[in-house]
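I opened the model and kept notes as I went. The entries follow the order in which I looked things up.

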Amino acid sequence: MASWGNLGFQDSASPLMEQLIFFHDHTMVVLILIVTFVGYIMFYLFFNFLVNRYLLESQEVEIIWTILPAIILIFIAFPSLRLLYLLDEINNPSITLKTIGHQWYWSYEYSDFLDLEFDSYMVSTADLSESGFRLLDVDNRVVLPMNSQVRMLVSAADVIHSWTVPALGMKADAIPGRLNQISFFINRPGLFFGQCSEICGANHSFMPIVVESVSVNSFLDWVSSCLKS
C-alpha cells in the first residue's frame, strides 16, 4: 500500500503492474533527455548575442527538427500500444469474480461457486482494531488465489463507480447497465488496498477495496468455510 512521502508507484503484485512501471520509467528517461536538451539550448540562448546566418533559414535544420520528434514519439508509442493490448488480453481464467458497486459499498459474487457472495463495507473508525488502516479496511475482504488467472466482471447498481487496486495495475469503471471485464494475475501473497476512483456521491471516499492474496489451498479452505457457514 502507499506510504507517507512515497512519490513513486506501489510495489507491483502482478506482471501487468510491473510492465506499467517499466513503461513509466522508459517514458521518464525520454522526457528527462528532452527537457535537459531544450533547457540547455534555452539557457545558452539567453547569454548568446551572436547570430549564425546559416541557421536563419535552413532546410536541413527544419527536416531534422521535424523527423527527430517523430522518431522519439515512435519510441514511446510502440511500447504504449503493446501495453494497451496486454491490459486487454483475456487469458483462460482459473476463477471469475463479479463485483457490483453501490452507494457506498461493494458486493462480490464468486461465479464458480454456488451461493458464495457477500457485501464489503468500510470498517468505521470506532470499530477499527489497532492493526487496522483507517478508511482502508473492510469487514469482508476479497480473497483470491495467487499464481492464478482471475477474470473480474465489474458493474454498478446505481451510479458510476470505479474498482481500483493500484498494486495490481487494475482500474475498471463500474457503470449501471454495463458489464466491464478485466483480467489479472497476482504473483505474491499479501493484502492489497484500493478505493473507488470515480466520484459517486457524498460517501465516495468511504468505499475501500481490500484484496487478500493467498495460496490455492488456503483459498479452497476459505471457500469451504464460507459455504459451510
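**Entry 1: strand β1 and its partners.** I then looked at the whole strand pair, and β1 and β5 run parallel over seven bridges. For pairing I used the rule that DSSP finds at least two bridges between two strands. Helices (H or I, at least four residues) and strands (E, at least two) are DSSP runs, numbered from the N terminus.

Before going on I noted the ground rules. This is a predicted model, where local features need pLDDT of at least 70, side-chain atom pairs count only at pLDDT 80 or more, and totals for chains, interfaces and linings use all residues. Residues are numbered from 1 along each chain as its sequence is written, and side-chain values use heavy atoms, with hydrogens and water left out.

On β2 I found antiparallel pairing: six bridges join β1 (residues 95–102) to β2 (residues 105–110). I checked two positions. T99 has Y108 as its bridge partner in β2, and I100 stands opposite S107. The link from β1 to β2 is a hairpin through two residues.

Is β1 enclosed or open to the outside? Six of its eight residues are buried, so β1 is largely enclosed by the rest of the structure. Buried means under 20% relative accessible area, exposed over 50%, partly exposed in between (1.4 Å probe, protein chains only).

**Entry 2: the sheet.** I traced the strand order as β3-β2-β1-β5-β8, an open sheet of five strands with mixed pairing. The edges are β3 (117–120) and β8 (180–185), each pairing on one side only. Neighbouring strands are turned by 25° against each other on average, direction ignored. Here axes are lines fitted to C-alpha atoms, for helices over the stretch in contact, and angles run from 0 to 180 degrees between N-to-C directions.

**Entry 3: F118.** I placed F118 in strand β3. It counts as buried because its relative accessibility is 15%. Its C-alpha atom is 5.7 Å from that of S107, eleven residues away along the chain. Beyond four places in sequence, F118 contacts (heavy atoms within 4.5 Å) residues including W106, Y108, N140 and W222.

**Entry 4: the core.** I asked which residues have the most contacts inside the largest nonpolar core. They are Y110, L144, W163 and V211, in a core of 35 residues. Strand β5 (residues 149–156) gives the largest share, four residues. Such a core is a set of buried Ala, Val, Leu, Ile, Met, Phe, Trp, Tyr and Cys residues joined through side-chain atoms within 4.5 Å.

**Entry 5: helix α1.** I took the ends of α1 (residues 15–46): 32 residues, 47 Å from first C-alpha to last, close to the 46 Å expected at 1.5 Å a residue. That expected span is 1.5 Å times one less than the number of residues. Its buried residues are L16, M17, I21, T27 and V30. They pack against α2 (59–88), β7 (170–174) and β8.

**Entry 6: the record.** The unreviewed UniProt entry puts "transmembrane region" at residues 28–51 and 63–87. In the model, residues 28–51 are 79% helix and 0% strand, while residues 63–87 are 100% helix.

Methods:
UniProt positions renumbered as here; feature names shortened; annotations may be inferred.
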